[in-house]
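Dear colleague,

Please find the structure below, handed over for your review.

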Amino acid sequence: GGAMYDAAAEAEQRATMLNNAVAQEVITQAEANLFTQVHTVLDTEMAQHRDMMSGSMADMQATILEQLVTNGTITQSQADAFNDIHTRLIEAKLMQ
C-alpha cells in the first residue's frame, strides 16, 4: 500500500499552487476559489467511493464530476470551468 492520503496536506499544497497560479496570472482569484470549491466536493466523493473506482485518477475525476452535475451538487458550467482551470494549471506546469 501507499502512504495514507492526507487531506489537510493536500489542501495546503493546492492552496499554495493556486496562489502561485494567480500570482503568475494563469488563473484569476475567482477561478482559484471555484477550483477549490469543486475540488473539495470531488475529494469527498473520491474518498467515499475509492473502493469502487477503477482506472486512472483522470477517469475517476471525470466520472465523479459527471455524477456531481447529474445529482445537482455542482452545475455543468462549474464542472467545465474546473476542467478548464485544471488543464491550464497542468500546461503552466503548476500541477502534475
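**Salt bridges and their surroundings**

Arg14 is buried, as its relative accessible area is 8%; buried denotes under 20% relative accessible area, exposed over 50%, and partly exposed in between, with a 1.4 Å probe and protein chains only. Please note that this is a predicted model, in which local features need a pLDDT of at least 70 and side-chain atom pairs count only at pLDDT 80 or more, while totals for chains, interfaces and linings use all residues. Residues are numbered from 1 along each chain as its sequence is written, and side-chain values use heavy atoms, with hydrogens and water left out.

On confidence, the protein chain has an average pLDDT (the predictor's confidence in each residue, from 0 to 100) of 89, and 93% of the residues score at least 70. Helices here are DSSP runs of H or I with at least four residues, numbered from the N terminus. Where pLDDT is low, the predicted coordinates should not be read in detail.

The structure holds 4 salt bridges, each defined as a side-chain nitrogen of Lys or Arg within 4 Å of a carboxyl oxygen of Asp or Glu. Side chains of opposite charge can pair when their charged atoms come close.

Two of the salt bridges involve Arg14. In one of them, the side chain of Arg14 meets that of Glu10 at 3.7 Å, N to O. Both residues belong to helix H1 (residues 7-23) and lie 4 residues apart, about one turn of the helix. Glu10 is partly exposed, at 30% relative accessible area.

Arg14 also forms a salt bridge with Asp43, at 2.9 Å, N to O. This pair links distant parts of the chain, since Arg14 is in helix H1 and Asp43 is in helix H2 (residues 29-49), 29 residues apart. Asp43 is buried, with a relative accessible area of 17%.

A further salt bridge joins the side chains of Arg88 and Asp84, at 2.9 Å, N to O. These two residues are separated by about one helical turn, because they are 4 residues apart in helix H4. Both are partly exposed, Arg88 at 22% relative accessibility and Asp84 at 39%. By way of shared partners, salt bridges join Glu10, Arg14 and Asp43 into one network.

With kind regards
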